[in-house]
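Please keep the sequence and the coordinates at hand.

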Amino acid sequence: MTDLAPQTGGTLLDFGCGNGAQTFLFVPRFEKTIAVDVDENYLNELAGVMQGRSESVLPICYDGGTLPIRTSSVDFAVSFEVLEHVHDETLSLEELHRVLRSGAVLAMSVPNRWWVFETHGAALPLLRWNRVPFFSWLPRSLHDRWARARIYSRREIVRKLRSSGFVVRHAVYVTAPMDAVRSARLQRMLRGLVFRGNRTGIPFLSTAVLVVAERR
């Protein structure tokens, strides 16, 4: 991602940071990091890990509505596999736009509609296995009835970001990591022959869409 959004310095916002596993990767690149999540247990875990290691990380628990962050105070924001879970996706995008300064960048990933398997699973009747192939390809009215999270095509997420005031710089399909494959040998084979590199132009070889957008 660093080649698409090479921002360093200033203030980073990790929107939907979870327990901070990804946040830690960004901390050395920024003067201050704001880690936001709705789950207080995750934030406590993050704070425990960061204790004694860095005073530049500020964990914030919020209610899923208005971000408790000053307008135009953030230099760079990341949000990975979060938007599909929020209560109000329009409000979340508008809040991200509000807290970013003019010219600041948002890097966001969302699950790809055209991946073969539903990334977050689905509560389908009569089926104990929730990873039904091609379920995410169904019409939205059917998908959203049983899905455990939203899902997006590249066109959909780009349109939503533009509607919230962002200028989209890049929108790429991220190659499936094959981390769910238990056999290390099969993993290597699939990554070498089919899922090569970090990006792909073939939508059904991608688990997520990564979008880099600028706040104007």
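Which residue of S8 does Phe166 stand opposite? The residue facing Phe166 is Arg215 in S8. The model under discussion is predicted. Strands S6 (residues 166-175) and S8 (residues 206-215) are joined by nine bridges and run antiparallel.

This pair belongs to an open sheet of eight strands, in which the order is S3-S2-S1-S4-S5-S8-S6-S7 and the pairing is mixed. The edges are formed by strand S3 (57-61) and strand S7 (199-200); each has a single partner strand, so one side of each lacks a neighbour in the sheet.

Burial here refers to a relative accessible area under 20%. On one flank, S4 runs parallel to strand S1 (residues 11-15), with three bridges between them; Leu13 has Ala77 of S4 as its bridge partner. S4 is also parallel to strand S5 (residues 100-111), to which six bridges connect it. Between S4 and S5 the chain passes through helix H3 (residues 89-99), giving a β-α-β crossover that is right-handed.

The helices can now be placed against the strands. Helix H3 lies across S1, S4, S5, S6 and S8, and runs at about 145 degrees to S5. Helix H5 (residues 154-163) lies across S5, S6 and S8, at about 155 degrees to S6.

Leu13, already met as the partner of Ala77, and Ile157 touch the most other members of the largest nonpolar core, which has 32 residues. At least two residues of this core come from each of S1, S2 (32-37), S4, H3, S5, H5, S6 and S8. S5 provides the largest share, five residues. Leaving aside residues up to four places away in sequence, Ile157 is in contact with Leu83, Met108, Val110, Tyr152, Val209 and Val211. Another core, of 11 residues, lies apart from the largest one and includes Phe30, Phe76, Ala107 and Val172.

Methods
Residues numbered from 1 in each chain as written. Predicted model: local features only at pLDDT ≥ 70, side-chain atom pairs only at ≥ 80, totals over all residues. Heavy atoms only, no water. Pairing = 2+ DSSP bridges. Helix = DSSP H or I, 4+ residues; strand = E, 2+ residues; numbered from the N terminus. Right-handed = clockwise from strand over helix to strand, strands pointing away. Core = buried A, V, L, I, M, F, W, Y, C linked by side-chain atoms within 4.5 Å. Buried < 20%, exposed > 50% of the residue type's maximum accessible area, 1.4 Å probe, protein only. Contact = heavy atoms within 4.5 Å. Axes fitted to C-alpha atoms, helices over the stretch in contact; angles between N-to-C directions.
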